[in-house]
Amino acid sequence: MEATKDAEDDWVTQVNDVASGTLYPQANSWYMGANIPGKPQVFMPYIGGVGVYRQICNDVAGKGYEGFVLMSRGRTAAAVAAE
């Protein structure tokens with residue numbers, strides 16, 4: 001199982017939209033990746049609440065894992081996408 005590039009980008013946007021309502025993105029901390037020189041500073045954890053996160057997961061699963069490529073053992077996402 002691998003996220004599509006569009007689904008990954010959408011998730012990063014959603015995570016950062018939620019984080020923008022907090023002070024986390026304003027901090028120059030390891031939480032934003034500031035402890036690694038040259039690393040892009042982005043917020044990665046979802047802080048919208050466990051209930052909301054579970055609902056998002058349930059919605060994705062209910063739509064047949066929308067935004068994910070499902071593969072059998074030994075196959076790559078690129079091979080599945082090429083079919």
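**Helices, loops and contacts in a predicted model**

Q: Which class does Ser 29 fall into, with a relative accessibility of 22%?
A: This is a predicted model, where local features need pLDDT of at least 70, side-chain atom pairs count only at pLDDT 80 or more, and totals for chains, interfaces and linings use all residues. Residues are numbered from 1 along each chain as its sequence is written, and side-chain values use heavy atoms, with hydrogens and water left out. Buried means under 20% relative accessible area, exposed means over 50%, and partly exposed is in between (1.4 Å probe, protein chains only). Ser 29 has 22%, so the label is partly exposed.

Q: How far is Ser 29 from Gln 41 in space, C-alpha to C-alpha?
A: Ser 29 sits in the loop between H1 and H2. Along the sequence, Ser 29 and Gln 41 are twelve residues apart. In space, their C-alpha atoms are separated by 9.2 Å.

Q: In what order do the elements of the chain run, starting from the N terminus?
A: Helices (H or I, at least four residues) and strands (E, at least two) are DSSP runs, numbered from the N terminus. The chain has three helices and two strands. Read from the N terminus, these elements go β-α-α-β-α.

Q: What share of the chain is made up of buried residues?
A: Ala 19, in helix H1, is a buried residue, because its relative accessible area is 0%. Met 32, in the loop between H1 and H2, is buried too, because its relative accessibility is 6%. Out of the 83 residues in the chain, the buried share is 11%.

Q: What separates the C-alpha atoms of Met 32 and Phe 43?
A: Take Met 32, which lies in the loop between H1 and H2. Phe 43 is eleven residues away along the chain. Their C-alpha atoms, though, are separated by 5.4 Å.

Q: And how far apart in space are Ala 19 and Met 44?
A: Ala 19 belongs to helix H1. In sequence, Met 44 is 25 residues away from Ala 19. C-alpha to C-alpha, the pair is apart by 9.1 Å.

Q: Which residue forms a salt bridge with Asp 9?
A: A salt bridge here is a side-chain nitrogen of Lys or Arg within 4 Å of a carboxyl oxygen of Asp or Glu, and the whole structure has two of them. The N to O distance is 3.0 Å, and the partner is Lys 5.

Q: How far apart are the closest N and O atoms in the salt bridge of Glu 66 with Lys 63?
A: Side chains of opposite charge can pair when their charged atoms come close. Glu 66 is partly exposed because its relative accessible area is 49%, whereas Lys 63 is exposed because its value is 56%. The closest N and O atoms of Glu 66 and Lys 63 are apart by 3.9 Å.

Q: Near what angle is phi of Tyr 65?
A: Tyr 65 is placed in the loop between H2 and S2. Its relative accessible area is 39%, so Tyr 65 is partly exposed. Its phi is positive, in a residue other than glycine, and is near 60°.

Q: How far apart are the C-alpha atoms of Arg 73 and Met 1?
A: Arg 73 is in the loop between S2 and helix H3 (77-82). It counts as exposed because its relative accessible area is 84%. Along the chain, Arg 73 and Met 1 are 72 residues apart, yet their C-alpha atoms are separated by 9.9 Å.

Q: Which helix supplies the largest share of the lining of the largest pocket?
A: On a 1 Å grid over the protein atoms alone, a pocket is an open set of points where a 1.4 Å probe fits, with protein on both sides within 12 Å along at least five of seven lines, and lining residues have an atom within 4 Å of a point. The lining has 13 residues, with Ala 7, Trp 11, Ile 56, Val 60 and Phe 68 nearest the centre of the pocket. Helix H1 (5-19) and helix H2 (50-62) each supply at least two of the lining residues. The largest share is five residues, and they come from H1.

Q: In which strand does Phe 68 lie?
A: Phe 68 is among the lining residues nearest the centre of the largest pocket. It is partly exposed because its relative accessibility is 35%. The strand covers residues 68-69 and is S2.
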